[in-house]
Amino acid sequence: MAATASWQPQEQGFKEICGLLEQQMSPTSDKSQIWQQLQHYSQFPDFNNYLAFILARAEGKPLEVRQAAGLLLKNNLRTAFKSMAPPYQQYIKSELLPCLGAADRHIRSTAGTIISVVVQIGGVFGWPELLHTLVKCLESNELNHMEGGMDALSKICEDIPQVLDADMPGLTERPINVFLPRLLQLFQSPHASLRKLSLGSVNQYIMLMPEALYMSMDKYLQGLFILANDPAAEVRKLVCAAFVQLIEVRPDFLEPLLRNVIEYMLQVNKDPDDEVALESCEFWSAYCETQLPPENLREFLPRLIPVLLSNMVYADDDESLVDAEEDGSLPDRDQDLRPRFHSSRLHGSENAEDDDDDIVNIWSLRKCSAAALDILSNVFGDEILPTLMPIVQAKLSTTDEPTWKEREAAVLALGAIAEGCINGLYPHLSEIVAFLIPLLDDKFPLIRSISCWTVSRFSKYIVQGVGHQEGREQFDKVLMGLLRRILDDNKRVQEAACSAFATLEEEAAEELAPRLEIILQHLMCAFGKYQRRNLRIVYDAIGTLADAVGRELNQPTYLDILMPPLITKWQQLPNSDKDLFPLLECFTSIAQALGTGFLQFAQPVFQRCINIIQSQQLAKVDPVSAGVQYDKEFVVCSLDLLSGLVEGLGSGIESLVSQSSLKDLLLQCCMDDAPDVRQSAFALLGDLARVCPVHLRPRLSEFLEVASKQLNTPKLKETISVANNACWAIGEFAVKVRQEISPIVMTVISCLVPILQHAEELNKSLIENSAITLGRLAWVCPELVSPHMEHFMQSWCIALSMIRDDIEKEDAFRGLCAVVRANPSGALSALAFLCKAIASWHVSCQFFYVKRKFAEY
């Protein structure tokens, strides 16, 4: 495979590579051996030239071989193109361009994909022939050339649209200015493929809005209306997508045409093609989230709501209908297990994002319609009820089997409006819930599952009613209904019931305490019954229960039901099994809830966390010796469980920490290159500083140094949660080790002040922790902090005035008092802000402490 001035393939090399590609397509071939041979060939500098030659010129070879060569070339170029010799780069480019006019559309499409990759890597500036060829293809009257050129251009527009909207040396105008008029012209092509590709390409520029499109907006909108009733469903879908994007990013363009656009979207929301209907359905949610007046939509509601309700009925070919029959006794396949992601601990975070309320994760017309109804109910409130409720009641009144899907959709609709129409529904909620309870035992699994979800949407109301006899009875009926469904034989219903129960738990909290025994019996029965996927949801329900009832769980009767099955599972799972993740999270909640009651289980749990972290840190550098592949989630989950143990056991954790290598492992984790590992590590560091700082003292200076570095990084906004936890940990150290923290005080202050001065740009939790930590440092080292007060008093006091009353705020104010006492004149320039901060106290005892301290001056 030697290089020549004008490259030509050698026959032998050509045959061998083609032979390997043919073998690779055989179902009986040894794929790994073929891959190794291809990797061997890839070491030759002109290997990619052979692949380009096979794609472009090997007309005697099967189409599949030529395509395979093209796809391999595409993957190779992603990593190798920049390091290739310029003559070889040029050769590949020159072979790709003629492929745009190839007779076979698969060759044209593959070439277009490779061209887009080359443009992603090297741009278009160094490939002037490409722009010339694309223009020539679009102006050709030969369909293959037009489709090939349009296909390549559409991929460039999709992958790197900005490269065509840039000035280029040697060109009098930007490429998009040249292409856009031709694309708009192709909207009227007799060929559906060209209409689709041209419209899709222009749509890619709505977000960027180059000047060329801005100036051509009238022509673009005219083109959209021309294509609005296109016979090709793919084109109609793109028209809908264009209107949705425009209403999201440039609603002003649509405002003069709004009635026509709404009429059109209402029409295609009933399109026989589900994908077109789905795309149009996105419009209603998008409209409600813009600043356009709701009044524009109000008159259409009586026509829109019935369409949404109709689209919420399961289609006969919906995959969920098949999934809904899944037997709970059948083991899950690996592909049934959804990816799961653990969220690292964040100190001061109160508003964790809720999981999606719906029990189905596949986006569909049904789900989109329900989401639209939900947001419409939040915008228009009870106004929609006169249109909606007669339809819902009519659907619910049917009892025959063929109409079960209509009933199911009506239950979904009630859940969708549960929040937005609560005022109008409130007088009837008792009746609505009473109607839903029997549906939890319906014959059809999907009615049982959606009833679980809808009941959970009324959880707040159901819990509010426990103060009176009738409400308490209804609460118990809902509770028992969901517990029965948790033990359903259908996997889909199990999942819905567990999720609904977790929602009810969060609302009910201590109301669950008298019912703990029967709840735990059902949950642990499910624990023994469920397959792997739904087992994760049981862990979540158990963890949520622990969070809700807290110390109430710490009774022998309850622990005898709860802990043995969990410990058995804990012992069964190896350290490399990802099914450990939800179990670790579950144990975290239990440890926090039980407090010192968890002490009897703590030692093996603590030691296993240490072992997991150790093996993962070894796996990071030597997976063979570790016997496992590195996965940072094992480290993060283990660190968070250790934090839960510290939080639950308090100083009871000391004996475990003192006999372990935790401080050394923790320091390594604090310096890890993964932000989520550092985030959890600093959360644990702060927890340990609070309860047993003595065991961290041997490496105190190292911990403080690495923590302070998290506050002084150019990537602060990208790692804000790490900085938040590091900042909090420093503050916890300050109140425990006092003067020992003095060597890093000024370093930390110099990092905290810019954070407080740019509060509007940063996370609220980081601002609060920065203000508290600054106060704690001021409290323990006022002589170091007070000389610099005038640089930060105003922004510090503003931040202090926003913090809720608690012990941490009290510490911060002790620091405020200490520095004002040490340097009264330093506070004068911010006196008004100081007064506002003092006035922010709502708890009288702390306020009088602060008042007394200032009175002493």
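The following paragraphs lead the reader through this structure, from the whole chain to selected residues.

The model is predicted, and its secondary structure comprises 47 helices and zero strands. The C-alpha trace of the chain spans about 90 × 70 × 60 Å along its principal axes. The chain has 857 residues, of which 56% count as buried. Its accessible surface comes to about 37500 Å², and 51% of that area belongs to carbon and sulfur atoms.

The chain averages a pLDDT of 89, and 93% of the residues score at least 70. Over residues 335-342, however, pLDDT stays under 50, and the model has 21 contacts beyond four places in sequence for this stretch. In residues 349-360 the pLDDT is likewise below 50, with 15 contacts in the model beyond near neighbours in sequence. Where pLDDT is low, the predicted coordinates should not be read in detail.

Leu20 lies in helix H1, which runs over residues 11-24. Its relative accessible area is 4%, and because this is under 20%, Leu20 counts as buried. Leaving aside neighbours within four places in sequence, Leu20 is in contact with Ile34, Gln37, Leu38 and Tyr41. Gln33 is 13 residues from Leu20 along the chain, and the C-alpha atoms of the two are separated by 9.9 Å.

Loop residues can be buried too, as Asp631 illustrates. Asp631 is found between helix H34 (623-626) and helix H35 (632-649). With a relative accessibility of 16%, Asp631 falls under the 20% limit and therefore counts as buried. Beyond its neighbours within four places in sequence, the contacts of Asp631 are with Lys578, Phe581 and Gln616.

Most residues other than glycine have a negative phi. Ala509, by contrast, has a positive phi near 45°. Its place is in the loop between helix H28 (491-508) and helix H29 (516-529). Arg738 is not a glycine either, yet its phi is positive, at about 50°. This residue occupies the loop between helix H40 (720-737) and helix H41 (742-757).

The surroundings of these two residues can be set side by side. Ala509 has 17% relative accessibility, which is under 20%, so this residue is buried. Arg738 has a relative accessible area of 34%; because that value lies between 20% and 50%, Arg738 is partly exposed.

Terms used
Residues are numbered from 1 along each chain as its sequence is written. This is a predicted model: local features need pLDDT of at least 70, side-chain atom pairs count only at pLDDT 80 or more; totals for chains, interfaces and linings use all residues. Side-chain values use heavy atoms; hydrogens and water are left out. Helices (H or I, at least four residues) and strands (E, at least two) are DSSP runs, numbered from the N terminus. Buried means under 20% relative accessible area, exposed over 50%, partly exposed in between (1.4 Å probe, protein chains only). Accessible areas come from the Shrake-Rupley method with a 1.4 Å probe; for residues, only the protein chains shown count as cover. pLDDT is the predictor's confidence in each residue, from 0 to 100. Contact means heavy atoms within 4.5 Å.
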